[in-house]
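Student: I'd like to learn how to read a protein structure. Can we go through one together?

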Amino acid sequence: MIEISGFSFGLLEFGLLIGFVLTFLIQLFYQLFINIFTCSGKKKEKQEELPSISIIIPSRNYEENLRELIPTLLDQDYPDFEVVVVDDCSSDGTEWYLAGLKLESNRIKTSRIIQETDFSNALVITIGVRAATKEWLIFLNPLCRVKSKDWLKSFAAGMNQNTEAVIGFVKYVNHEGSMQKLIRYENLDSFLLSGSARYFGLPMPLTDMNMAYKRERFFDLKGFAGVLDVRFSENELYINKISKRKNTTLLLDRSTIVDYKGDTDWHDGMIFKKKQLLLKRKFTVGQKVFLSINSLSRLAFDVSMIGLVIISPWRLYVAGIYLFKIIHELIWGIVAAKRLGEKNLFPSLLIYRSLVPLLSFILSVRLLFIRKKRRR
């Protein structure tokens with residue numbers, strides 16, 4: 001037994017109580033900065049000079065999607081921009097569709113790759129960057145959908161002389177996929193965590209869509225030369241290399257959001273999660289520590305709460321603290337989801353956040369065994 005100020009605790013109860021209080025404070029710390037990020041990004045006054053922008057779209061066999069996306073881009077209310085499409089070995093009608101577009105609009109530029117390479121993704125993006133002529137580069141996927149004529153102008157509000165990277169939110173809108181909600185949970189949670197990490201100089205981009213950086217800076221740093229040890233996520237890793245607290249903007253304006261209409265069945269959900277885990281392996285030590293402490297403290301908080309409710313006479317106080325935390329997360333989570341155009345994610349997102357450390361651990365172990373088998 002342990003006695004403190006007249007109160008007696010069993011050894012297990014005392015350990016659980018210490019863990020509960022400590023992890024509660026850690027989670028409040030994370031939630032504080034998520035709340036600060038959620039309240040940030042209020043609309044600024046219009047810029048006197050809007051930067052020139054190239055919208056780069058790598059595409060392989062996405063003719064039908066390009067037919068839906070490109071007209072909305074050409075219809076943007078913005079003075080100086082171009083759309084650069086890189087046709088990556090397409091075998092559908094992409095080449096002919098783009099050729100026709102170039103005759104109709106001088107804002108369209110195209111490049112075509114006719115042979116596979118070892119680093120196809122890096123090559124496609126680099127060719128797009130070289131074909132571009134504007135100051136800023138925004139990257140989209142053919143499956144992205146732009147809903148507003150002011151999307152480009154709103155996105156440009158985050159660009160200035162001191163900014164080197166701008167990251168917007170991508171909203172998954174396929175309501176038919178069995179894993180659609182899981183991907184939406186992961187996507188929203190990652191964006192909010194990245195936004196809060198920015199205050200510590202650790203912004204963490206987790207997608208290559210609806211993000212931008214400066215063209216000349218890309219060439220100054222020799223493009224993807226420093227991130228070609230992996231054959232995926234080159235753009236995310238490049239952004240991760242240049243992003244700092246003061247030079248990175250994460251956008252919370254609804255008009256800067258793009259929709260994504262890709263498949264979200266079980267297979268796609270697992271690929272999405274695996275990509276996130278593989279990308280996080282390339283993060284800096286600080287970023288890994290930031291994410292790990294958040295996940296482990298959340299798991300430890302839930303476990304210690306359950307243990308105390310079972311064995312401690314203080315269970316009502318413990319339950320009250322736990323309820324306070326849940327309500328606090330729920331309120332601010334709904335505010336963040338509303339600002340980012342997401343709906344119907346709460347309160348089930350809170351359950352997902354508690355289970356994600358376990359899911360990530362299982363997938364990490366599975367990926368480890370897969371890598372070992374390949375080495376053999």
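Tutor: Buried means under 20% relative accessible area, exposed over 50%, and partly exposed in between, with a 1.4 Å probe and protein chains only. Keep in mind that this is a predicted model: local features need pLDDT of at least 70, side-chain atom pairs count only at pLDDT 80 or more, and totals for chains, interfaces and linings use all residues. Residues are numbered from 1 along each chain as its sequence is written, and side-chain values use heavy atoms, with hydrogens and water left out.

Student: Where is Asp87 found?

Tutor: In strand S4. Helices (H or I, at least four residues) and strands (E, at least two) are DSSP runs, numbered from the N terminus.

Student: Which residues have a positive phi without being glycine?

Tutor: Cys89 is one of them, with phi near 60 degrees, and Cys89 sits in the loop between strand S4 (81-88) and helix H3 (94-104). Lys222 also has a positive phi, about 60 degrees. Look for Lys222 in the loop between helix H7 (215-220) and helix H8 (234-242). Lys222 is exposed, because its relative accessible area is 67%.

Student: What is the volume of the largest pocket?

Tutor: First, the idea: on a 1 Å grid over the protein atoms alone, a pocket is an open set of points where a 1.4 Å probe fits, with protein on both sides within 12 Å along at least five of seven lines; lining residues have an atom within 4 Å of a point. Here the volume, meaning the space filled by probe spheres set on the points, is about 1000 Å³.

Student: Which residues lie nearest its centre?

Tutor: Tyr62, Asn141, Asp208, Tyr260 and Lys275, out of 35 lining residues. Helix H9 gives the most to that lining, with 5 residues.

Student: And which residues make the nonpolar surface patch?

Tutor: Such a patch joins nonpolar side chains (Val, Leu, Ile, Met, Phe, Trp, Tyr) within 5 Å, from residues with over 30% relative accessible area and no salt bridge. In this model Leu12, Ile306, Ile310 and Ile311 make one of about 410 Å². Helix H10 (residues 285-311) gives the most, with 3 residues. Ile306 is in helix H10, and Ile306 counts as partly exposed because its relative accessible area is 47%.

Conventions:
Patches are made of residues with over 30% relative accessible area and no salt bridge: like charges are joined within 9 Å, nonpolar side chains (Val, Leu, Ile, Met, Phe, Trp, Tyr) within 5 Å. Accessible areas come from the Shrake-Rupley method with a 1.4 Å probe; for residues, only the protein chains shown count as cover. A salt bridge is a side-chain nitrogen of Lys or Arg within 4 Å of a carboxyl oxygen of Asp or Glu.
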